[in-house]
Amino acid sequence: YGAYTFFVPTNSAMTLYLKSINKTLDQLQASDAQALLKLHLIQDTLNTSSFTDGKLPIPTMLGQYLITGVGSEGSSALYTVNRQADITQPNITCANGVIHVLDNVLRPATLTVAQMIEQDPKYSIFTQAMKETGFYDSLNIVNNPDSDRTFLTLLAQSDQNFIDSGFQNYAAVKAHFCQTGDPKNPNDSLWL
């Protein structure tokens, strides 16, 4: 009971998804199927008229926020979800909510903010700075005990940005900014 928004992948999208994980529908574990459904379901009614370029105001039943994008093709609006799927049929009104049909299955975020930056070699200097200042540990948590900061945003600087600013590697960044000798010191310029 209640009002829901359900992002429903087409049968062909599900077939491609199952093929990508090398399973049939019968081989999908109940817990995995439940998590997949929860990622596609929001416990509130959201029509595309409320979508913006950014996260939806309510997390999915899996606890992750979905990101929508709005574009246009001729006179028609195009909506994307999590940069993974397009909405092919929006705003199908039902007795207890709304359905948006997707051309692809959404995949849950599995990496923390810290892990996402660390896995990209273009951010090696920034990653090392995060680790030496202790911010890596703060950004490498999934269920933040500080309920006011459950979801985090990080503005990362690429290695090329550092190089363009005259810093060829992390040692040069540390030599320039670390004034106390302790990057974990909140009064140190590198920490700041």
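**Entry 1: a helix pair**

The axes of α4 (residues 124-133) and α7 (residues 170-177) cross at roughly 50 degrees and come within 9 Å. Axes are lines fitted to C-alpha atoms, for helices over the stretch in contact, with angles from 0 to 180 degrees between N-to-C directions. Helices are DSSP runs of H or I with at least four residues, strands are runs of E with at least two, and both are numbered from the N terminus.

The model is predicted: local features need pLDDT of at least 70, side-chain atom pairs count only at pLDDT 80 or more, and totals for chains, interfaces and linings use all residues. Residues are numbered from 1 along each chain as its sequence is written, and side-chain values use heavy atoms, with hydrogens and water left out.

On the α4 side, I125, Q128, A129 and E132 meet Y170, V173 and K174 of α7 (contact means heavy atoms within 4.5 Å). These contact residues divide into four nonpolar, one polar and two charged.

**Entry 2: burial along α4**

I list I125, F126, T127, A129, M130 and T133 as the buried residues of α4 (buried means under 20% relative accessible area, with a 1.4 Å probe and protein chains only). Their cover includes α3 (113-118), α5 (135-139), α6 (159-164) and α7. G134 follows α4 and has a positive phi, near 90 degrees.

**Entry 3: an aromatic pair**

I found four aromatic pairs in the structure (ring centres of Phe, Tyr or Trp, the latter by its six-membered ring, within 6.5 Å). F51 and Y79 form an edge-to-face pair, 5.8 Å centre to centre with 85 degrees between the planes (edge-to-face is over 60 degrees). F51 lies in the loop between β2 (41-42) and β3 (54-55) and Y79 in strand β5 (residues 76-81), so the pair ties together parts 28 residues apart in sequence. F51 is buried at a relative accessible area of 6%, and Y79 is buried at 14%. F7, F51 and Y79 form one aromatic cluster.

**Entry 4: a loop residue**

I located N82 in the loop between β5 and β6 (85-94). N82 is buried, with a relative accessible area of 16%. Not counting residues up to four places away in sequence, N82 touches Y65, L66, I67, L106 and R107.

How values were computed: Ala, Val, Leu, Ile, Met, Phe, Trp, Tyr, Cys and Pro count as nonpolar, Asp, Glu, Lys and Arg as charged, and the others, Gly among them, as polar. Rings of Phe, Tyr and Trp (its six-membered ring) pair if their centres lie within 6.5 Å; planes under 30 degrees apart count as stacked, over 60 as edge-to-face and the rest as tilted. Buried means under 20% relative accessible area, exposed over 50%, partly exposed in between (1.4 Å probe, protein chains only).
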